[in-house]
Amino acid sequence: MSDTPLRPTRWDDIPLETETDTSDKYEITEVDIFSLGLINANDVAIMGLSVGDRARDVLETLGTPDTKTDYSGGVSNWEYSESLGLDETGIIVNIDNEIVESITIRKAFNSRLVGETAKEYTKAEVYHKFGIPDRTLFMPLKKDSALIIRLIRYEEMGIDFIVRKKEAIGFTLRLNDN
């Protein structure tokens, strides 16, 4: 037995994780996630950012958004284009009460993706590759828009494909409880 007295643990003695550890995530700019089989959006990082991260992590990772749209209830969309060297929006981060709920990858970002993940899919190709979706939703392209998009949702993966006419114009990684 040691003669050294035990001292109580203080909170400031416990190291706290200050940034999100993405070492166990598939970095979408390096890994072809669509060729991995069944994938979970929670296991994917985009330039080090993942669903479930905090808003401050977005700012530290991607910087200030080019466009920020605030909605009621603590929800906002942060769009990245020029800050990533893109001519149009390539990433949209949806934040709900300071938590990243979803990350949408648009066509403009495809040049930074690899393999099958970089491919521009038709609606039929999405169905062929991923099967019948769990849900299909129809919604306006933007608030008060007459243009309608189809959201093809795969619940188990936490991935939605955004389809306009017959072409996928992007996909969304959603915080997934599955």
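The chain has an accessible surface of about 10700 Å², and carbon and sulfur atoms account for 49% of that area. Please keep in mind that this is a predicted model. Its chain holds two helices and ten strands, and buried residues make up 39% of its 178 residues.

**Confidence**
- Across the chain the mean pLDDT is 88, with 87% of the residues reaching 70 or more.
- Residues 6-20 are the stretch to treat separately: the pLDDT there is below 50, and beyond near neighbours in sequence the stretch has five contacts in the model.

**Fold**
- If you trace the chain from the N terminus, the elements come in the order β-β-α-β-β-β-β-α-β-β-β-β.

**The cavity**
- One cavity of 30 Å³ or more turns up when the whole structure is searched, and the volume of the largest cavity is about 100 Å³.
- Its lining consists of 14 residues, and those closest to the centre are Asn110, Lys119, Ala168, Gly170 and Phe171.
- Which elements give two or more residues to this lining? They are strand E6 (99-106) and E10.
- The largest share comes from E10, which supplies four residues.
- Sorted by class, the lining of the largest cavity has seven nonpolar, three polar and four charged residues.

**Two residues with positive phi**
- As background, most residues other than glycine have a negative phi.
- Met47 has a phi near 55°, a positive value in a residue other than glycine.
- To find Met47, look in the loop that links strand E2 (44-45) to helix H1 (55-62).
- Met47 has a relative accessible area of 32%, so this residue counts as partly exposed, a class that lies between the 20% limit for buried and the 50% limit for exposed.
- Lys165 also has a positive phi, near 60°, and is likewise a residue other than glycine.
- Where does Lys165 lie? Lys165 is in the loop between strand E9 (159-164) and strand E10 (167-174).
- Is Lys165 buried or exposed? Lys165 counts as exposed because its relative accessibility is 65%, and exposed means over 50%.

How values were computed
Residues numbered from 1 in each chain as written. Predicted model: local features only at pLDDT ≥ 70, side-chain atom pairs only at ≥ 80, totals over all residues. Heavy atoms only, no water. Buried < 20%, exposed > 50% of the residue type's maximum accessible area, 1.4 Å probe, protein only. 1 Å grid on protein atoms, 1.4 Å probe; cavity = no way out; pocket = protein on both sides within 12 Å on 5 of 7 lines; lining within 4 Å. Points joined across faces, edges and corners; volume = space filled by probe spheres on them. Nonpolar A, V, L, I, M, F, W, Y, C, P; charged D, E, K, R; others polar. pLDDT = per-residue confidence, 0-100. Contact = heavy atoms within 4.5 Å. Areas by Shrake-Rupley, 256 points an atom, 1.4 Å probe, with all protein chains shown as cover.
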